[in-house]
Structure formats: structure tokens, C-alpha cells
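Reader: I am new to this structure. Can you show me how to read its cavities and pockets?
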Amino acid sequence: MSDRISDIRRLFPILDQRVNGRPLVYLDHAATAQKPTPVVEAVRRYYEWDNANVHRSGHTLGQRATDAYETVRAQVARFVGAGSERDIVFTRGVTSAINLVATGYARAKLGAGDDIVVSAMEHHGNLLPWQQAAKATGATLSYIPLQPDGTFTLEDAEETITSRTKLVAVSHVSNVLGVANPVRELAAIARRVGAVVFVDGAQAVSHMPVDVRELDCDFYAFSGHKMYGPTGIGVLYGRREQLERIEPVEYGGQMIDRVGLRDSTWREAPWTFEAGTPNVAGAVGLGAAIDFLERIGRDAVAEHDRKLTRYATERLKEIDGLTIYGPEVDRWGLVTFNLARIHPHDVSSVLDVYGVAIRAGHHCCSPLMDHFGTSATARASFGLYNTEEDVDRLVEALLHTKRVFGE
Ligand code: PMP
């Protein structure tokens, strides 16, 4: 695989630039991935040749746009192992997918006496919609307690999930710890009490092969922009019988069956959740991103990820005064850390001077930061375009940062 990385890197012209006079090292993949040329080209080609509205215009361009959009739906279904393209709803991203289920299912169906279970490691996107749904319905929100290293055990999950639990929402891979949660086992526990399982796959799909039926979850969401696709497009996979239980959240064109002056009826899922003109170009770009990942091979993608993240973990451990957050297990695509006595925002500012882009802050995981007793951390995250040399540049820049601060 490593011999292919230089070819892969050539597909990312954005990386071939100097930032603050140094070659750019982009280590913020977990915030958003860079886009390879085939994705950019697919979007451009769509706008230059096929652009039209979908599901309405009978002319040739309208047909082509509709075909392109619906072809990607089928491609996404194959990509995540869904049974049918009709189990795939296009959304703006993970956040809007979660809000769709939190509003159309949790708010519409839950009430006092019901319980929603999450973990305290969740991204705000997989927390606030459930928090608001619980407030609106009188349902409770319970947390699977965290271990000191930020993870949770299945025993604790089993204690937290009770006969009152109606929905369990967890991330597949934590965007702070980089750790994969035992989603399949959680789904089995939830199933025993008849609860629905929602998986936030934002940090998983660009790193590891995902099969939603093997995970046996009810919902699985991910964003195009974190898997080398465009922003503004994402996916909600839903098990058919669960999708059918969700109320539409947005009403308008495209999602209707029959409209009267006083009453109307809706199309079936997934179209009932796609009111208005959708992001057709985004879907086309997402399709190109899937092609890109599949051409490389998803096992090869995972292998590169593991190897590089392991290398980064080992190299970072060599730095005195650097604390890595999370357990001592293989991580997926990122390492979160702090340097003693230097604020992570200062770390990232000095790194930027060295052309090294990382993220510092709470990573939209305030409860997890509270758990660690810190307000912020630094995070280096990796994509297919990153190499061991990039990690070496990060380590060099961190050592320099320590010297700048007299550490
Ligand atoms: N969940 C996790 C674990 C994430 O990392 C992110 C993105 N940082 C989100 C949800 C939200 O994704 P988006 O902003 O694409 O909706």
C-alpha cells in the first residue's frame, strides 16, 4: 500500500502547496477530508453537462440528473451493505440525519416513561438532538458511564439499557478517542429490550469497511465530506420497517403523493424525507468518492489507516510531557493529545506556522472534555493521503513548540 500513496497523493492537488513558507501537512482529516480530483471532476462534469432538477423534468437532462442521483443511492446501499436503495435517505450530513430521526421518530413517538440512551463520548451532533427530543417529550436521557480512559464497557451498557429504553445512539468511532465502539454487541443488547439503535458513522466510513446489516443497527449515518466527497451531502441508512415509522420532518415538493387543499399524502421512504430540490451535485460527488475508496480497496484503506495511526501513536509517545487521550488500543485515523503547560490552541497556532494543520478545541465533545477534566485538546487526524513523513513533520513541529514555550 505505501508504494501507492504517492500516486494517491497526486490526486489531491490541494496538498501540493506551501503554507507559511513550508510544505503543507494536512492532519485535520477528521474535521473534513480533502477531495481527490475524480470527485472534483465528477461535480464539475455534472454541472457542465447534466445539470437539471430531479424527479420532475421529463427532458433528457432531467432524466440524466435523476438517473445520476438515484444511481448513487443504489451505490451507497451497496457501499454500506444495505438491503435496498430504498433504505438510503440523502441528507445534508450526519447532523441532519440525526435531527431527522430525533424529530421524526423520537419527538413524534416517545413520551414520559421512555428512555433514550447515549454515551458521554458523543459528538454534540449525536447528543443535542436527543437532549432536545427528551425535553420535548418528557422522555429521560441516560448516559452509559465512561471509564477513566473515556470508553465504556458492555457491562455498563447492559446496566443502562433497560426495558424503558426506546432508543440507543452511539458513535461507531469516537472523533476524540479514535476508538471503535462495540456497536454489534450494543445492538444485540438493545434488541433484547426492543430498543432502536442509531449509529453515528461520521468517523468510521472513510477508514474501515462498514456493513450495516452485519452491525445489525436500525440507523446508520455518515457525511460525504468526511469520506473524500463534497460538503452538504450525507446519508441516513434506515432499516425499512424503522424508516416507515419516522414522520416526515420537512414538507413540500418531491415528497408528496397527492395534494389537496386541506389534506395531502406522502410518498414512501426514502423520498418522503427529501422535500425540495436535493443536492444532486453532492450526491454525484459522493458517488465518485465511493468509487475512489473502492478502487483503492477498503481493506487496503483500513490497513493504511491502522499502520499510520499506530506509527503516529508511537512517535507521539516519544515526546516528554505529551499525554495521549483514550485507551492503549489501536485507534482509527486520529490521535488526541495535550502538551503539558501549553494550551492546545497555542500548539496548533505554532504548528500552523510550520505548515502543519491540526485541530485544537473541544472537538464538539464537551462532556468528554469534562470527563477528562480539560477544556480542550489537540488532535491530529489522518487520511489516505498522509504518510509517515507527515507524522515526522508533526513531531518535529511539536518539539519546536515546546522550545518556543521554554518547555
Ligand atoms: N459525529 C461525529 C463523531 C463527528 O466526528 C462529526 C463531525 N465532526 C459529526 C457527528 C457531525 O458531522 P457533520 O458536521 O458532517 O454533520
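Author: Start with the domains. Their bounds come from an automatic or database domain assignment. The model itself is predicted. The lining of the largest cavity draws at least three residues from each of domain 1 (2–29 + 297–402) and domain 2 (40–294).

Reader: Which residues line the largest cavity?

Author: Its lining includes His 29, Ser 206, Tyr 228, Asp 305 and Phe 382. The volume of the largest cavity is about 60 Å³. By class, its lining has 5 nonpolar, 5 polar and 1 charged residues.

Reader: And what lines the second largest cavity?

Author: His 55, Tyr 69, Gln 254, Arg 267, Trp 271, Glu 274 and Pro 278 do. The space in the second largest cavity is about 40 Å³. Its lining divides into 3 nonpolar, 2 polar and 2 charged residues.

Reader: Now the pockets. How many residues line the largest pocket?

Author: The largest pocket has 20 lining residues, and Phe 90, Thr 91, Arg 92, Glu 250 and Phe 273 lie nearest its centre. Strand 4 (88–91) and helix 4 (94–109) are the elements that give two or more residues to this lining. Helix 4 has the largest share, 4 residues. The volume of the largest pocket is about 430 Å³.

Reader: Where does the second largest pocket lie?

Author: The second largest pocket lies between domain 1 (2–29 + 297–402) and domain 2 (40–294), because both give residues to its lining. Its volume is about 330 Å³. Of its 25 lining residues, Val 94, Thr 95, His 123, Ala 202 and Lys 226 are the closest to its centre. Helix 4 gives the most to this lining, with 4 residues. By class, the lining has 6 nonpolar, 13 polar and 6 charged residues.

Reader: Which residues surround the ligand?

Author: Among them are Val 94, Thr 95, His 123, Ala 202 and Lys 226.

How values were computed:
Residues numbered from 1 in each chain as written. Predicted model: local features only at pLDDT ≥ 70, side-chain atom pairs only at ≥ 80, totals over all residues. Heavy atoms only, no water. 1 Å grid on protein atoms, 1.4 Å probe; cavity = no way out; pocket = protein on both sides within 12 Å on 5 of 7 lines; lining within 4 Å. Points joined across faces, edges and corners; volume = space filled by probe spheres on them. Nonpolar A, V, L, I, M, F, W, Y, C, P; charged D, E, K, R; others polar. Near = heavy atom within 4 Å.
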